[in-house]
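Trainee: Before we go through the labels, could you show me the model?
Mentor: Here it is, and then ask about the terms one by one.

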Amino acid sequence: MRGAANAEIWIPPTVPAILERAATQWPDSVALICGTESLTYSEYHARACCLAQSLVAIRATGRHVAIVLRNSIDIAVAIFGAQTAGAASATLNPDYTPRELAVMLDQVDPVVILTHEDLVGTLQPLVPDTASVTTIAALLANGERGGLPMVPPDDIAVLQFTGGTTGVPKGAMLSHRAVASNVAQREAVLPTIANDERVVCMMPLYHSFAAAMCLHLTAYAGGALHILPRYRPDWVLDCIKDHGITRLPAGPTVFNSLLGFDGLTREQVESVRCAYSGSAPLPRDTLERWEAKTGVPIYEGYGQSEAGPILTYHGPDMPLKQGSVGPALPLTTLKIAGDAAVGEILARGPQIMDGYLNRPAETREALVDGWLCTGDIGRLDEDRYLFIEDRKKDMVITGGYNVYPREIDEVLLRLGTVREAGTVGVPDNYRGEVIWSFLAADQGDEDAIRAHCHASLVKYKQPARILFMESLPKTNVGKIDKQALKLRAREIAGDENHVA
């Protein structure tokens, strides 16, 4: 495969091969930095292999390893270590409530959960006694040493959880071939400079966009990945200035936040060659204000967990088309269902998932005749540039996170006082969308409802607004009319903004 500059692009056979090549070519280059801790590529690779040997010793090969870690050097080592052992890595949000984690861990059925010391007690009751819950340090200290397996490219490397209209998360199974191919496809469109990239990661590394555009991109380039514990605008700008960051991957919420921060100047970000946007649509106004203020171009793409995760990207040598997320990556084909002008986006390529873990019916719905049915509505222009028009799925994207209203409704309905619940996304200039829940309840105790949501839902899924109605609008077949609720929410938001 050839890239934008017509150079030959290396396609790794497996995901661990990316780190192995970096350790061979640039052993003494700094690979990871988080706070005061850092690793060179030789140290990074050695630690991942050591962890892999310990996992092989507990028979993790061919099974699943759950990774419940915050941003740290440990999570990078855990992902590569599990995959080097021939196990599939399932990265889960450590901020999820026990209820949310239990649903996913039940599906994963892990041989081991790698986590932080302070989370061991929370996680242990959620899995059977046959699964151990431990830290990387403990596993490395107690593990046996031995050989490592040959990992076939068609083995599963990643279980990436994504939601569904039912609100039940599903594990998308991505092979080594799929993930490694997608890294090379991205490189062909968004080329890096070997051994001369410095990338800041403030996004959570359990997220597929952060894994692709931070973890894998940096290792492929032999660059330095600066991991921040979480997003803070001053931390990001200090990191850029102090370390000469060259690539800035982020979601639209981060770009909006930085634009509103007093410390953002052209001088502060002069080392940045480009920024990458993903995980949610980038408003045109944000793009234009960012480039006018910083001079740094933002390249936007589109994808989903089931697709490695990247399907399209604007590259530096491509004409920018307003409202488009760019053309398909090399070796990727897009079409519109039914050959219509506007319709569901279908995708085919080496990065597409094998299916959903233990969900054959939903796999058959998502993969039809070799095509991934994305659930998004779009159109292709005469140059094969993709334009996203709508979402087929009942889904909200808030701050770059996919949220499925059905899950929130089911949580709300567990309260005996709530008779009906209807959750919708409302447009928001900062987060893209915010979550509003409409309720018909016997008792409108908002504090009790919020406490219930806090105990059952991670923060970004909790409703920003709770509104009470005598009864919720219905369709002609008796279902709650979400479109009517969205219109009502927009009317309320419009009235409030007008008054303000």
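Trainee: Which residues on the other side of H14 are exposed?
Mentor: Asp447, His454 and Ala455 are exposed there. Exposed means over 50% relative accessible area, buried under 20%, and partly exposed in between, with a 1.4 Å probe and protein chains only. This is a predicted model, in which local features need pLDDT of at least 70, side-chain atom pairs count only at pLDDT 80 or more, and totals for chains, interfaces and linings use all residues. Residues are numbered from 1 along each chain as its sequence is written, and side-chain values use heavy atoms, without hydrogens and water.

Trainee: What makes the buried residues of H14 lie on the same side?
Mentor: In helix H14 (residues 446-456), the buried residues are Ile449, His452, Cys453 and Ser456. They cover an arc of only 100° around the axis, so they share one side of H14. The arc is taken from the directions that run from the helix axis to the C-beta atoms. Helices (H or I, at least four residues) and strands (E, at least two) are DSSP runs, numbered from the N terminus.

Trainee: Which elements do the buried residues of H14 pack against?
Mentor: They pack against helix H4 (98-108), helix H13 (405-413), strand E24 (432-441) and strand E25 (465-468). Contact here means heavy atoms within 4.5 Å.

Trainee: Why is the pair of Trp10 and Tyr220 called tilted?
Mentor: Rings of Phe, Tyr and Trp (its six-membered ring) pair if their centres lie within 6.5 Å; planes under 30 degrees apart are stacked, over 60 edge-to-face, and the rest tilted. The centres of Trp10 and Tyr220 are 5.8 Å apart and the planes are at 35°, so the pair is tilted. Trp10 lies in the segment before helix H1 (16-25) and Tyr220 in helix H8 (residues 208-221), 210 residues apart.

Trainee: Why does Trp10 count as partly exposed, and what makes Tyr220 buried?
Mentor: Trp10 has 29% relative accessibility, so it counts as partly exposed. Tyr220 has a relative accessible area of 7%, so it is buried.

Trainee: What makes the pair of Tyr41 and Tyr44 tilted?
Mentor: Their ring centres are 6.1 Å apart and their planes at 35°, so this pair is tilted.

Trainee: How do you know that the charged end of Lys321 sits over the ring of Tyr385?
Mentor: The test asks for NZ of Lys or CZ of Arg within 6 Å of the ring centre and within 35 degrees of the ring normal. The charged end of Lys321 is 4.6 Å from the centre of the Tyr385 ring. Arg379 lies over the face of Phe387, at 4.1 Å from the ring centre.
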